[in-house]
Amino acid sequence: MDRRRFLNIALGGACSAAAMPAITPMSFASAPGERRFVAIVLRGAMDGLDAVQPYGDPFLAGLRRTISVGPQKGALDLDGFFALHPALAPLMPMWAAGELGFAQAVSTPYRDKRSHFDGQEILEAGTGDQSMPYGVASGWLNRLLPMLPGATMQTAFAVGIENMAILNGDADHASWAPEARFDVTPQAQDLLRQLYDNDPPFESAAETAIALSTANLGEGAMKVSEQKQIATALASFTAARLNAETRIAAFSLNGWDTHHNQIGGIQRALVQLSDALIVLKRDLGRNWDNTVVMAMTEFGRTARENGTQGTDHGTGGLMVMAGGAVKGGRVYGDWPGLDEGDLYAGRDLMPTADVRAYAGVALSGLFGVPVSKVESTIFPGLIMPDPPHILL
Amino acid sequence: MNYADFALIRFGSGLSPSHDGPATPEALIDSLGQGDGSQQFPVMSTDEVTALYAAYMRGRRGRKNDPALEAEYQKQRERMIQASWLLRRSRLARAVMAPVGFADRLAQFWSSHFSIRGFGAHKIILREAFQEDVIRAHQLGRFADLLRAATLHPAMLDYLDQSSSIGPGSPFASRRGKKLGLNENHARELLELHTLGIGDAYSQADIRQLAELMTGLMVDQDGAFKYAPQRTEPGAETVLGKEYGGAEPPRLDEISAFFDDVAVHPATAHFISRKLARHFCADTPPPELVEAMATRFRDTGGDLTAVYEVMVGHRLARESFGQKVRQPWDLIVAGFRSLDVEGRTLVDMKLSSLRRMVMKPLAAMGQPIIGAPQPEGWPEEEEAWLTPQQLAARIDWALDVPSMKAKDLPPVTAFARTALGEDRAAEVEPIVRRAESLPEAIGLVIASPQFNRR
């Protein structure tokens with residue numbers, strides 16, 4: 001093909017794309033396909049038994065008095081056994097449309113110490129190692145990137161001020177915050193490059209910052225700077241990236257460590273989660289159909305309410321999945337029961353599945369990664385003999 | 001690099017045209033006992049904060065029916081808000097003006113170790129008082145005393161929910177009809193984050209037993225510490241294989257006895273030493289350095305100044321120079337200092353300028369002034385401080401801060417030497433002198449890896 005002909009086709013394509021809103025001009029980017037995956041890390045340990053309340057279990061009422069009281073206190077029945085916390089009520093249409101599902105009684109391989117710090121490290125590293133030293137070499141989403149054909153820097157995007165260890169690693173990826181700005185003259189950029197030349201961590205962060213400031217983040221970035229709520233801003237920014245080149249994104253929502261007066265504490269956190277999912281769906285438009293969102297947390301909380309109307313650190317927890325590509329409208333997982341003998345260490349919900357198996361199924365199904373690669377590279381040590389069928 | 005510059009950069013507030021550093025490790029340690037000019041900048045004690053809050057609460061409780069109390073409420077509320085700004089300005093000004101600043105750096109370290117976060121004027125000023133009465137008052141003494149003061153402070157009892165934890169078998173719980181009981185949050189974090197560190201030294205059973213032992217520690221309705229024996233779980237508890245408590249009536253010193261023991265536990269000696277070395281020397285500190293510090297910790301029963309002494313004089317602290325990235329607060333302190341910004345300027349500057357020059361940049365760099373988001377405190381590994389968006393915020397601030405001295409900027413060659421020391425200035429100066437303006441050249445020095453590392 002000669003150059004003139006190529007240009008004609010490219011221009012013609014761009015023109016017709018503009019006339020056809022269904023195809024955005026971004027479709028021409030070399031990103032690997034149209035499927036999208038969003039990981040939301042819920043930091044502080046979400047109480048899954050309160051978010052999705054197993055009111056059909058006869059032992060729940062004996063364990064919890066002021067929290068998780070089921071439909072009689074306004075929780076919304078999901079399937080006759082589980083009920084959704086009232087703060088998540090705005091998600092009911094998503095549930096009804098089959099675009100929202102849950103996995104109950106899931107966990108990472110982390111056990112017994114119940115430390116936020118280690119729990120989050122293991123969740124984001126995606127390994128089974130419990131004796132992890134300080135600092136993790138790479139996050140599991142980063143290990144996915146080399147398996148995606150044609151991946152570029154913006155194929156994967158960490159969103160928010162804080163470092164997302166889930167995307168740390170050797171594979172190039174973008175990282176930016178909705179409120180971040182980088183407005184530096186070309187001459188200063190050039191001098192910064194020289195200053196950082198011999199310091200790799202500075203050099204690579206600066207290269208990304210310079211690339212993102214010049215790569216027209218434009219409209220998406222500007223729009224979200226007006227958002228007051230952090231969750232809404234994160235979700236809106238993420239959706240704008242996913243509507244462009246990005247196919248993998250990750251951000252965190254904090255505030256789940258509800259030791260005390262959980263009724264008030266978890267309300268705020270759940271509203272943030274609900275807002276984030278609703279904004280993702282709204283802003284992704286038709287791309288929502290090709291999207292899987294998974295919200296996961298470092299561990300669950302005690303089955304029993306503690307002495308201060310809260311819950312302490314536990315084991316088995318909940319994963320939230322949403323998106324048009326999810327087979328939702330159901331609560332996945334083998335329910336272990338809440339009788340004294342059913343609990344892990346006599347106190348926590350017994351985990352019956354590895355949360356990584358759900359993520360593994362999603363990555364494998366969305367991006368065509370062979371299960372053997374999931375088990376060996378993305379989640380080393382994970383075995384998925386009977387993976388849950390969570391994708392449409 | 002001479003020891004004086006090394007000490008100011010690595011252990012102090014940074015280089016300054018107004019201060020020479022300590023020439024020897026001994027002089028650095030001696031600087032801890034010398035006045036740091038803090039008298040110029042106001043601080044509040046916990047008692048003062050409590051008195052202010054008590055007056056505020058008196059007004060708040062009665063204000064519906066009493067105009068005098070309404071006025072009192074408004075007045076005290078305004079005083080707390082004013083204090084919340086003033087105390088944070090003071091802390092910044094002290095660090096900038098300190099001759100060496102090692103005490104300020106240690107206070108930052110220990111405030112992250114005993115991390116507290118709180119929104120609202122009362123919690124903000126209580127946290128500042130915590131830095132004063134707990135951290136600064138005890139960070140040079142025995143770790144046991146620091147631990148006790150931190151654990152019993154109302155800001156900590158509130159933050160880690162200890163105040164609401166009640167012995168299920170206590171007289172208080174049985175008098176009230178409804179179910180009251182334990183909250184294990186503080187007990188867990190005390191073992192995991194404050195003393196032994198995550199590992200094999202304790203079990204879930206120890207956490208439950210310690211939570212029972214700690215019942216009775218609370219904050220009263222005016223925000224003051226209180227020991228309430230009627231909330232204490234009856235009987236003795238076994239923590240880490242030893243029995244504590246069980247006296248009738250229960251006594252606070254029974255809990256204190258546990259603090260004394262856990263503070264000198266070998267796991268604590270190692271955990272604290274490693275954490276100090278991680279903060280001051282390297283994300284992965286040399287085991288030999290950590291062991292030398294831990295040995296001193298064990299030999300002295302947790303004398304913290306003795307442990308610092310080993311660190312600041314150690315060959316490996318010197319050899320690992322430059323491996324740490326300055327955390328945002330420290331970067332801002334060092335930046336102001338390098339430009340010879342006066343502490344008074346920081347105390348007096350307009351709130352809008354303070355937000356632009358301090359509050360917003362801190363948040364954008366990942367270290368909001370309100371405190372760490374989780375009880376783990378601030379991360380140490382450099383990846384956590386060098387995301388592209390955080391580095392963009394560092395650069396943005398570096399290029400903005402010379403405007404504080406707009407009419408009074410030194411030549412770039414002199415500034416680079418002041419800010420970085422002779423050797424490192426030579427690496428940076430040939431590049432930054434090609435900037436389009438003097439403020440930009442100076443900003444680039446502050447944005448350089450040499451200035452951002454210590």
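Helix α10 of chain A runs over residues 230-243, and its 14 residues reach 20 Å from first C-alpha to last, close to the 20 Å expected at 1.5 Å a residue (the expected span being 1.5 Å times one less than the number of residues). Helices here are DSSP runs of H or I with at least four residues, strands are runs of E with at least two, and both are numbered from the N terminus. Most of α10(A) is covered, with 11 of its 14 residues buried; a residue is called buried if 20 or more other C-beta atoms lie within 10 Å of its own, exposed if 12 or fewer, and partly exposed in between, with C-beta atoms placed from the backbone. Among the buried ones are Leu234(A), Phe237(A), Arg241(A) and Leu242(A).

The model is a predicted one, in which local features need pLDDT of at least 70 and side-chain atom pairs count only at pLDDT 80 or more, while totals for chains, interfaces and linings use all residues. Residues are numbered from 1 along each chain as its sequence is written, and chains are lettered from A and ligands numbered from 1 in the order in which they are written.

On to the core. The largest nonpolar core holds 256 residues, a core being a set of buried Ala, Val, Leu, Ile, Met, Phe, Trp, Tyr and Cys residues joined through C-beta atoms within 7 Å. Those with the most contacts inside it are Ala250(A), Met294(A), Met319(A), Met293(B) and Val445(B). Leaving aside neighbours within four places in sequence, Met319(A) touches Phe102(A), Met294(A) and Tyr358(A), among others; contact means C-beta atoms, placed from the backbone, within 7 Å.

Where the chains meet, chain A and chain B put in 48 residues each. On the side of chain A, α5 (116-125), β7 (174-176), α7 (186-195) and α8 (200-214) are the elements giving two or more residues, and α8(A) has the largest share with seven. By class, that side has 19 nonpolar, 19 polar and 10 charged residues; Ala, Val, Leu, Ile, Met, Phe, Trp, Tyr, Cys and Pro count as nonpolar, Asp, Glu, Lys and Arg as charged, and the others, Gly among them, as polar.

Chain B has 24 helices and four strands, and 55% of its 454 residues are buried. Its C-alpha trace spans about 75 × 60 × 40 Å along the principal axes. Domain assignment, automatic or from a database, gives domain 1 (159-263) and domain 2 (328-452) in chain B, with 44 Å between their centres, taken over C-alpha atoms.

How values were computed: Two residues are in contact if their C-beta atoms, placed from the backbone, lie within 7 Å.
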